[in-house]
Structure formats: C-alpha cells, structure tokens
Amino acid sequence: MSLFPAGISKPGPLRVGVVGAGFSGTAVAVHLLAALPAGSRVDLFERDARCGRGLAYGTSCPSHWLNVPAGGLALDPQQPEGFVLWLQQRFPGFAGGDFVPRMLLGQYLADELAAAEAAGRSRGVSLQRHRCEVLDLERDDEGYRVCGPGAPATTLDRLVLATGHLPPRPPVWPGADWQQPGFVADPGAAGWLDTVEREAELLVLGSGLSAVDVVLALQDRGHRGAITLLSRRGQWPQAHRDLADRPDPGASPAPLPDWSGLNRVRPMMRTLRQAAAEAAARGCDWRDVMARLRPEIPAAWQRLGERERRQFLRHVQPWWDSHRHRVAPGIAARLAALRASGLLHSAAGRLRQTEHRADGRIELLWDARGGGPARMTVDRVINCTGTSTDLRGGGSPLLARLHAKGWLQADPLGLGLQIDADLSVPGQAGLFYIGPMLKARDWEATAIPELRVHALRLAGALAGAVTAVTPTRSSPAACC
C-alpha cells in the first residue's frame, strides 16, 4: 500500500480531505492552506451550508454565550489575540475578558477560513468546498475517496475526520418513547421550540450546559411555565468569576497541584482540594487552580489505569464537570433570578417511568436521590443529557460505518476513539481524527484551547513540516 505514514512527506503537491467544518475542521483547513506546498488542494466536506459553525457556534440564539472569555478563543494558538481583534474591528469596546454570543465566534471562523482561502490561492494552494454528507470511505493504493450523495469522485492523499460532537443519545426507561408527542430527543433539532406553549410545564433531563441553553432559549421566547432540571446529583454549572473579582495582578499565583507521578484518583483529588484551600489563603480561588492545572490534565489522565478512570467517572466527573465547564457571570445571574422567581427548579434523582395521560400530559415517576419515589406531571420531557460518544447510536453514519468496518475502535469506557499520539487512526495509514472524541485519550480535549493546538500540529505534520507549538496555558481572562 502506497499511503505514507504520518510525518513522512510525499513529494510534490498533496490533496488533503477534511470531513467536517466545525471548529476543528475549519482550524485544520486554515492551517493546511498556509502550510501545504504550491499545487496542493484542500477538500472540505460539510453537510451544512455554513462553515465554521458546527453544533456549538451555529446557534442563532443571542443568549447562547461562549463559556470562555473572548481572550481565550483565537483560532491560532500562536496569535492568541486574533478573536479579540476581530471583535474590536466590528464592535469597538470589546476586551479579552468579555463573554460574547457564540454566533460571533462562528462568523469569526468563517471569516478566517475565507482569508486563508484567499492567501492560499495567492501561493498556489486551493480550497474546494463540498456541501455533502459523507457516509463512508473507500481506500486503495492511490488514496481515499469519500462516499455519499453528491460526493465528488476524487482521490485524496490524506484524510482528516473532524466530525465534531454527536447528538445526545436518549436515555431509556419503562414507557420511554422518544417518538411520541411531548418528548424531545435532541434539543439541537430544528423547529421544536416553536411548538412549546408559553405556559407549558417542562422536565429537562440533565442540568449541564445543554440544559442551560434550552432554558435560555425558552426564556427568550417568553416562556412562563415551570421548568424542572432533573439530574442524578442536581448540580448546576458553576459561574466564571466576574472580572471585578479577579486577584490583583501582583498577587502570588495560585498553586499548581503536584500530580507528577500520581496514578490514582483519590490522592489527585486530595492534592487538588489542598491547592484550592491554599489559593483561597493567597486571595485567589479554585478557578485559578483549575486554570493552572489544565495543561497537565492529559498526561495525568494517561497515567490512570482503566479501573482508576472508572472511579473518576463514577465519583468525580459530575463534580468536575460542574466546576470545569462554567457559565458566564451574566448567564449565572439570569439563572439565579429564574430560580428565585420559582420558574426554574432543580431535582436530584433518576427517572424510573413515564406514562401518557388521556389529557396529553406526561406523568413521571422518579427516585429522588437520598429519598423515596416522587411523582410529577409535565407537558414536555426534553433530553439534555449531553452529546453522545456512541459510535453505534446513529449520530454519525460515517463513524458508525467505519466502526462497523473495523477502521475505528472505541475506547473501553465509551468516551471516544482510540487515536495515536500524532492523531492518526491506528492501522489506517493516512487517516487522522481531531475533535471531542480525543477525550478518551486526553480527557481535556473538547474545548478550543486544546483543539487549536492539535489542529496546528496536525496540519504541520500533514504538510511534512515541523510545527513547534507549546500547549498554551489559560490566559488570565480564561481564569475568571
């Protein structure tokens, strides 16, 4: 087979395919247009009309804010001020510590891709956009070909899978039928918000960022009915710190927990708690500790054996997620006001059974955490349990097909894909993956600060160049 391994250049121009044009795919394409030799071509495959949006940044809701300050969100880690400069050119007054609507980042990514396309054209590297859904791949000695309705008959030297997040997988319990009226299996699907009456009582399964998005979108539409968020522990996302509450720049930095050599969850968490207490004594807080620790997390995760990882997922992940994946201060204030008004509630427990009543409402039986059975009657049940990583669940026909063919392997814990250190797919020369399913390998792999470093390194390797990138530590703004 003539496909060459990662890091070995093929003489002459290259044709590189990128499947998916969310953040990861767009970032890889931008860097490829700058790094590939003259005569090369980048083929970008995206089923939606707009590039750069993906699941996160394709929203049209102005209340869906970025969960990281603008100063931590540039596409290129070597130009960390890029997004803020883009904002300031269009909306004077924005600063790196500001939280902005997610749709603005989507437009920024689209503009960066257009600029990279023009710059690449001037040096003889072209971008070909294909609006089609890739359903399968074929491979021979010449390279890869994509398969699907409207897919071009073209051969690619190397191919990058950047398919992004998969839609949530609806939970199952007795009486659950997500096809029935009143059940919303995927809150990212179009149109369902228009069908919700303003006085409807709603149960939202989950209390993380997806649930927050649904609550805010409903409120923007004038929703007045009660909303209950049901999750196993009833935890809410913590808030980023307001800029006014940040430590003095001259203060001692927060301590960095020493996880070197640790390969068990319990001592790691004990060390983290001790560092948070020390940070508080220095005038900082746990957010500063989490920010300093973040670049160390992939190596620490890789030291954990499967048993320890399972312990983390069972006992620590809910706490970790609520502190790590925070909301903007303004969003936290809105949620607090809704809770104070009595329109928004949280409950801890597990849904046991549902039943449709004759009047069209849905009766719920659930087990309260630390208590007994409880009942509730609502008009809608909305699944906000978070994005899926199940390759067989139908969220991505392409990944499901490649998994069925044996090209892709899921990790034992169902967190994502088994991917090599250079982002190549094991056993498939010339095929690479970038995106949130790197969580299986690195844990901290779903957000822009990590993905943009992976994108730059991958593009450099694909172009046969040596790209030296130091993983960026969170900026002061990102610690808020």
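**Cover, salt bridges and charge in a predicted model**

Mentor: Helix α13 is mostly covered, with 13 of its 15 residues buried, where buried means under 20% relative accessible area, exposed over 50% and partly exposed in between (1.4 Å probe, protein chains only). This is a predicted model, in which local features need pLDDT of at least 70 and side-chain atom pairs count only at pLDDT 80 or more, while totals for chains, interfaces and linings use all residues. Residues are numbered from 1 along each chain as its sequence is written, and side-chain values use heavy atoms, leaving out hydrogens and water.

Trainee: What span does helix α13 reach, and what span is expected?

Mentor: From its first C-alpha to its last, α13 (residues 448-462) reaches 20 Å, close to the 21 Å expected for its 15 residues at 1.5 Å a residue; the expected span is 1.5 Å times one less than the number of residues. Helices (H or I, at least four residues) and strands (E, at least two) are DSSP runs, numbered from the N terminus. After α13 comes Gly464, with a positive phi near 80°.

Trainee: What makes α1 mostly covered?

Mentor: Of the 13 residues in α1, 11 are buried, among them Phe23, Val28, His31 and Leu33. Helix α1 (residues 23-35) reaches 18 Å, close to the 18 Å expected.

Trainee: Why do Arg102 and Asp213 count as a salt bridge?

Mentor: A salt bridge is a side-chain nitrogen of Lys or Arg within 4 Å of a carboxyl oxygen of Asp or Glu, and the closest N and O atoms of Arg102 and Asp213 are 2.9 Å apart. Arg102 lies in helix α4 (residues 102-122) and Asp213 in helix α5 (residues 209-220), so this pair ties together parts that are 111 residues apart in sequence. Both Arg102 and Asp213 are buried.

Trainee: Which parts does the pair of Arg401 and Asp136 tie together, and how far apart are they in sequence?

Mentor: The side chains of Arg401 and Asp136 meet in a salt bridge, 3.2 Å from N to O. Arg401 belongs to helix α11 (residues 397-404) and Asp136 to strand β4 (residues 136-140), so the parts tied together are 265 residues apart in sequence. Asp136 is buried because its relative accessible area is 15%, whereas Arg401, at 41%, counts as partly exposed.

Trainee: How many salt bridges does a search of the whole structure find?

Mentor: The search finds 31, including the one between Arg282 and Glu278, whose closest N and O atoms are 2.4 Å apart. Arg282, at 33% relative accessibility, counts as partly exposed, and Glu278 counts as partly exposed at 37%. Elsewhere, salt bridges with shared partners join Arg241, Asp285, Arg287 and Asp288 into one network.

Trainee: Which residues gather in the patch of positive charge on the surface?

Mentor: The patch is formed by Arg232, Arg233, Arg314, Arg350 and Arg369. Patch residues have over 30% relative accessible area and no salt bridge, with like charges joined within 9 Å and nonpolar side chains (Val, Leu, Ile, Met, Phe, Trp, Tyr) within 5 Å. Arg350, in strand β10 (residues 344-356), has 47% relative accessibility and therefore counts as partly exposed.

Trainee: Why is Pro181 called exposed?

Mentor: Pro181 is called exposed because its relative accessible area is 69%. Pro181 sits in the loop between β6 (158-161) and β7 (183-184), and its C-alpha is 8.4 Å from that of Gly360, although the two are 179 residues apart in sequence.

Definitions and conventions. Accessible areas come from the Shrake-Rupley method with a 1.4 Å probe; for residues, only the protein chains shown count as cover. Lys and Arg count as positive and Asp and Glu as negative; His and the chain ends are not counted. The place of a charge is taken as NZ of Lys, CZ of Arg, CG of Asp or CD of Glu.
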